[in-house]
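Hi,

Here is the structure I promised to pass on to you. Have a look at it first, and then read on for what turned up in it.

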Amino acid sequence: MTKNRLIYGTLVFFCLAFSMAYRSNFSAVLLIAVVLYLPAAAIFTAVSLLLADVRFISGNYVGEKNVLFNFELGIKNRFIMPFVPIELLCRIPDSERGVFEERRVFVTLHPFGYTTLVINGMHKYRGQYKTEIKKIYVVDPLGIVRFSRKINREITMLFLPRRFMLENLFNNSEGEASVSRIAAKNAERDDFSHVRDYREGDILQLVHWKLTAKSDSIMIKEYENISDKNARILCDLGSCKGKQDVLLSVDTVIETALAFAKSLLNENIGSVVDLGDVLRKNIVTVKSTSDYERLYELMSMIPADAPVCDIGTMLSVTEENKQSIVVLITAELSEQTVFWANSALKFGSVVIAYINLENAPIDRDYWEENFSLVNIRAPGITALREATAIFQERS
């Protein structure tokens, strides 16, 4: 725009010199036209700015993190002048870097025109964020005059933890077939606790045919867990503080806990998931699919900077003879962690799921210990499965 203004100033000077050198009607008209363009452009640009409108077409967004998605903006020009272009200052998630940042979006629009702009986005962190259109800028066709105004359009975007499935983690049976046999065995019982809508993967033996016939959807029987085994999953969110990427470390702890809880549930093992809340409120017992969904909702909303206690405090409220599996999910592998793991052996078998995103070297062979170590070196299902595969081979 600075370049255009310099060119315009040079043109005005040239027309003034031309009219002084050649006193004619043509040179006078040319000078007047060039000089009057600036105030006329300012008036038309100001009116265009007032008559421009930008809105989010898409409503609030809810989806998993690290997934590419689209959202739409509607831009309207209610004036006789074109937008060449209109400029929007937005705070939106960048599809390449996966974080929220301020970006400038340019759209060209003809007089009395309307267009829909589709923007790609992605976010690599769990949580709730605001997507905003902060300002709108309008320039004249020659790019000399530029006016702006605040518009403050926003929507909420909620990014959920990813759901990872670990098959046959603590059960040496046939995996999916074993789960199906457990479900079929449950289907022969009449003491189901409640019914729910059908989800992909449910077996036909669990269908509640009477309720299904009365409703428009397939209803599934839901049973309480009948296994003698129980597990306790302790999430050491406080250990993520001081890491290079605190948010990613917290998300990985949460997604690992969800993966373990889901795997245990599929193997007919109930679990108690403790998020280490200092007020002891965020403790969820997972014995059914509905319990797991409640845990998932809680973990989607818990903030990364929530006040939490350490594993030792969580273990102090754990009752003996109630757990046969204890999973410690932590981003800090220290002598204190080893002490806690050895202390938890009185409750049953112990697994340390070490969130090692910085790929720190392990200075000793923990396989000689009585507990098991799962070294998770990166976020995502691939690293989690690789780490648990090694754990399964050695356990």
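Which strand does Thr131 lie in? Thr131 is part of strand β7, residues 127-139; helices (H or I, at least four residues) and strands (E, at least two) are DSSP runs, numbered from the N terminus.

Before going further, a word on the basis. This is a predicted model, in which local features need pLDDT of at least 70 and side-chain atom pairs count only at pLDDT 80 or more, while totals for chains, interfaces and linings use all residues. Residues are numbered from 1 along each chain as its sequence is written, and side-chain values use heavy atoms, with hydrogens and water left out.

**The whole chain**

The protein comes to 9 helices and 16 strands. Of its 395 residues, 46% count as buried (under 20% relative accessible area; exposed is over 50% and partly exposed in between, with a 1.4 Å probe and protein chains only). Its accessible surface is about 20400 Å², and carbon and sulfur atoms hold 54% of that (Shrake-Rupley method with a 1.4 Å probe; for residues, only the protein chains shown count as cover). Among contacts with a separation of 6 or more, 68% are between residues 24 or more positions apart, where contact means heavy atoms within 4.5 Å.

Not counting residues up to four places away in sequence, Thr131 touches Phe56, Phe71, Arg91, Ile92, Pro93, Phe100, Arg153, Glu154, Ile155 and Met157.

Strand β7 pairs with β8 in the antiparallel sense over 12 bridges (two strands pair if DSSP finds at least two bridges between them). Glu132 has Glu154 in β8 as its bridge partner. The two strands form a hairpin with 6 residues between them, and Gly143 in the turn has a positive phi of about 70°.

Strand β8 (residues 146-160) also pairs with strand β2 (residues 61-64), this time in the parallel sense over 4 bridges. There, Val62 stands opposite Leu158. Tyr61, also in β2, counts as buried at 19% relative accessibility. Leaving aside neighbours within four places in sequence, Tyr61 is in contact with Phe69, Thr156, Met157, Leu158 and Phe159.

**Two asparagines to look at**

Most residues other than glycine have a negative phi, and most peptide bonds are trans. Asn66 has a positive phi, near 60°. Asn66 sits in the loop between β2 and β3 and counts as partly exposed at 36% relative accessibility. Asn152 has a positive phi too, near 50°; Asn152 is in strand β8 and is exposed, with a relative accessible area of 57%.

**The three-stranded sheet**

An open sheet of 3 strands has the order β1-β3-β6, with antiparallel pairing. Its edge strands are β1 (52-56) and β6 (114-121), each of which pairs on one side only. The twist averages 25° from one strand to the next. Strand β3 (residues 69-77) is joined to β6 by 8 bridges, and Ile75 has Thr115 in β6 as its bridge partner. Helix α2 (residues 25-51) lies across β1 and β3 and runs at about 30° to β1. Axes are lines fitted to C-alpha atoms, for helices over the stretch in contact, and angles run from 0 to 180 degrees between N-to-C directions.

**A helix pair**

How do α5 and α6 pack? Helix α5 (residues 246-266) and helix α6 (residues 289-301) pack at an angle of about 180°, with their axes 11 Å apart. They are therefore roughly antiparallel (over 145 degrees; under 35 is roughly parallel, 65 to 115 roughly perpendicular and the rest oblique). Ile254, Ala257, Leu258, Ala261, Lys262 and Leu265 in α5 meet Thr289, Tyr292, Leu295, Tyr296 and Met299 in α6. By class, this contact has 9 nonpolar, 1 polar and 1 charged residues. Here Ala, Val, Leu, Ile, Met, Phe, Trp, Tyr, Cys and Pro count as nonpolar, Asp, Glu, Lys and Arg as charged, and the others, Gly among them, as polar.

**An enclosed strand**

Lastly, 5 of the 5 residues of strand β16 (residues 372-376) are buried, so β16 is largely enclosed by the rest of the structure. Ser372, Val374 and Ile376 point one way from β16, and Leu373 and Asn375 the other way. Strand β15 (residues 349-355) pairs with β16 in the parallel sense over 5 bridges, and Ile352 stands opposite Leu373.

Best wishes
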